[in-house]
Amino acid sequence: MTRQEMSEKGYEKLLTFKEFDSMKIADYANIPRVMDMQCPECGKSDMLGSSDNQPKPIGWVDTPQGFMMVAECPFCFCKFRFHISTTDRNDVDGFYRDFVLRIKLY
Ligand SMILES: [Zn+2]
């Protein structure tokens, strides 16, 4: 899907490409990577858990392993990063689409 098509489908109503670009975090070295989408500090927030303990999507990073979401734990405010897609790790537009859906679900 091209950006034009995504825009026509309403993705930009949730998060514009400009807003998406501004959420990129360049310095991700100190943000721990997790494999289970769960807060590595307190374990209370979990992206795969119920809606009241979701970590907040705050940004994204471009790493050698592909694009990842950065989320913040609402309990201990720890930031952590993880893959949100198995198929679009290296395609920024595909990642954008998955990222928008995560923002919408939050
Ligand atoms: Zn936590």
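Leaving aside neighbours within four places in sequence, Phe99 contacts Phe20, Trp60, Met69 and Ile84. Contact means C-beta atoms, placed from the backbone, within 7 Å. This is a predicted model: local features need pLDDT of at least 70, side-chain atom pairs count only at pLDDT 80 or more, and totals for chains, interfaces and linings use all residues. Residues are numbered from 1 along each chain as its sequence is written.

Phe99 also belongs to the largest nonpolar core, which has 18 residues. Trp60, Met68, Met69, Val70, Ala71, Tyr96 and Phe99 have the most contacts inside this core. Such a core joins buried Ala, Val, Leu, Ile, Met, Phe, Trp, Tyr and Cys residues through C-beta atoms within 7 Å. Buried means 20 or more other C-beta atoms within 10 Å of the residue's own, with C-beta atoms placed from the backbone.

S2 gives the most, with 5 residues. Helices (H or I, at least four residues) and strands (E, at least two) are DSSP runs, numbered from the N terminus.

Next, the sheet. It is open and antiparallel, with 3 strands in the order S1-S2-S3. Strands pair if DSSP finds at least two bridges between them. S1 and S3 (79-82) are the edge strands, each pairing on one side only. Neighbouring strands are turned by 30 degrees against each other on average, direction ignored. S2 and S3 are joined by 4 bridges. Ala71 stands opposite Phe80 in S3.

H4 packs on this sheet and touches S1 and S2. The direction of H4 makes about 20 degrees with that of S2. Axes are lines fitted to C-alpha atoms, for helices over the stretch in contact, and angles run from 0 to 180 degrees between N-to-C directions.

Methods:
A residue is buried if 20 or more other C-beta atoms lie within 10 Å of its own, exposed if 12 or fewer, and partly exposed in between; C-beta atoms are placed from the backbone. Two residues are in contact if their C-beta atoms, placed from the backbone, lie within 7 Å.
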